[in-house]
Amino acid sequence: MNCLFETERLTVSEFVAADTEAGERAFLNQVISVLTPAVAENLPDYFHGINTSQTAGEWLERMLAESRLFTVAHQQSPDLAGFIFVYGSDASNVHLGYLLKESEWGKGLASEMLTGFIDYAGEETAWEVLIAGVDPANVASAGLLKKLNFIRQPVADEGSHFYHYLFNR
């Protein structure tokens, strides 16, 4: 994995298909440990039921086919703490997703991770807008996005709320 940036406590690397060859079983076990029912609760269906090497491998394959996948780990440990994923066909407007292992909640890591990612994206990409969808029940995530200057967009239905982060280019 290629380290893209570090924060005070975290290392964020882009994951590519070739990374699955070395230590695949160990990595898939870490994926299982991250994608627990509590973590997947407000996420799309394909994040649910990841509890075997096979389902973890299928999830990983899908994520790599549909998005750029970034792993998040503590600097002092190679253990997976979470993921960031970016997808979209329009190179200037991309959708952002993120999650942290349940044991990492409440430590300020999501804020640190996303602040670092926004800084990285602002310097290293041509993206103009990050779009993050949040289930209305995920109050913590919505609050984090507001704190990081994402702007909530008007919605016509009761589904996900969408927040936009505009880069100053």
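Four bridges join strand E5 to strand E6, and the two run parallel. This is a predicted model. Its open sheet has eight strands with mixed pairing. The largest pocket holds about 870 Å³ of space. Twelve aromatic pairs are counted.

**Sheet**

- The strand order is E1-E2-E3-E4-E5-E6-E8-E7.
- E1 and E7 are the edge strands, each pairing on one side only.
- Strands pair through backbone hydrogen bonds, either parallel or antiparallel.
- E4 and E5 run antiparallel and are joined by six bridges.
- Across from Tyr87 stands His95 in E5.
- On the parallel side, E5 and E6 share four bridges.
- Val94 faces Leu130, which belongs to E6.
- E6 is mostly covered, with five of its six residues buried.

**Largest pocket**

- The pocket has a volume of about 870 Å³.
- It is lined by 38 residues.
- Closest to its centre are Leu43, Tyr98, Leu99, Asn138 and Ser141.
- Three helices, H2 (37–40), H4 (109–124) and H5 (139–147), each supply at least two lining residues.
- Strands E4 (80–87), E5 (93–100) and E6 (129–134) also give at least two lining residues each.
- E5 contributes the most to the lining, with six residues.
- By class, the lining has 22 nonpolar, eleven polar and five charged residues.

**Aromatic pairs**

- A ring pair is described by the distance of the centres and the angle of the planes.
- The count of aromatic pairs is twelve.
- One of them joins Phe5 and Phe117, with 6.4 Å centre to centre and 55° between the planes, a tilted arrangement.
- Phe5 sits in strand E1 (residues 2–6) and Phe117 in helix H4, so this pair ties together parts 112 residues apart in sequence.
- Phe5 has a relative accessible area of 10%, under the 20% limit, so this residue is buried.
- Phe117 is buried too, at 0% relative accessibility.
- Phe47 and Phe85 form a further pair, with ring centres 5.6 Å apart and planes at 35°, so the pair is tilted.
- Phe47 lies in the loop between H2 and helix H3 (53–66), while Phe85 lies in strand E4, 38 residues apart.
- This second pair also links distant parts of the chain.
- Phe47 is buried at 1% relative accessibility, and Phe85 is buried at 6%.
- Phe5, Phe70, Phe117, Tyr120 and Trp127 form one aromatic cluster.

**Charge over a ring**

- Arg62 lies over the face of Tyr46.
- The distance to the ring centre is 3.7 Å.

**Backbone at Asn149**

- Most residues other than glycine have a negative phi.
- Asn149 has a positive phi, near 75°.
- Asn149 is placed in the loop between H5 and strand E7 (151–152).
- Its relative accessibility is 57%, over the 50% limit, so Asn149 counts as exposed.

Key
Residues numbered from 1 in each chain as written. Predicted model: local features only at pLDDT ≥ 70, side-chain atom pairs only at ≥ 80, totals over all residues. Heavy atoms only, no water. 1 Å grid on protein atoms, 1.4 Å probe; cavity = no way out; pocket = protein on both sides within 12 Å on 5 of 7 lines; lining within 4 Å. Points joined across faces, edges and corners; volume = space filled by probe spheres on them. Nonpolar A, V, L, I, M, F, W, Y, C, P; charged D, E, K, R; others polar. Phe/Tyr/Trp six-rings, centres within 6.5 Å; stacked < 30°, edge-to-face > 60°. Buried < 20%, exposed > 50% of the residue type's maximum accessible area, 1.4 Å probe, protein only. Lys NZ or Arg CZ within 6 Å of the ring centre and 35° of its normal. Pairing = 2+ DSSP bridges.
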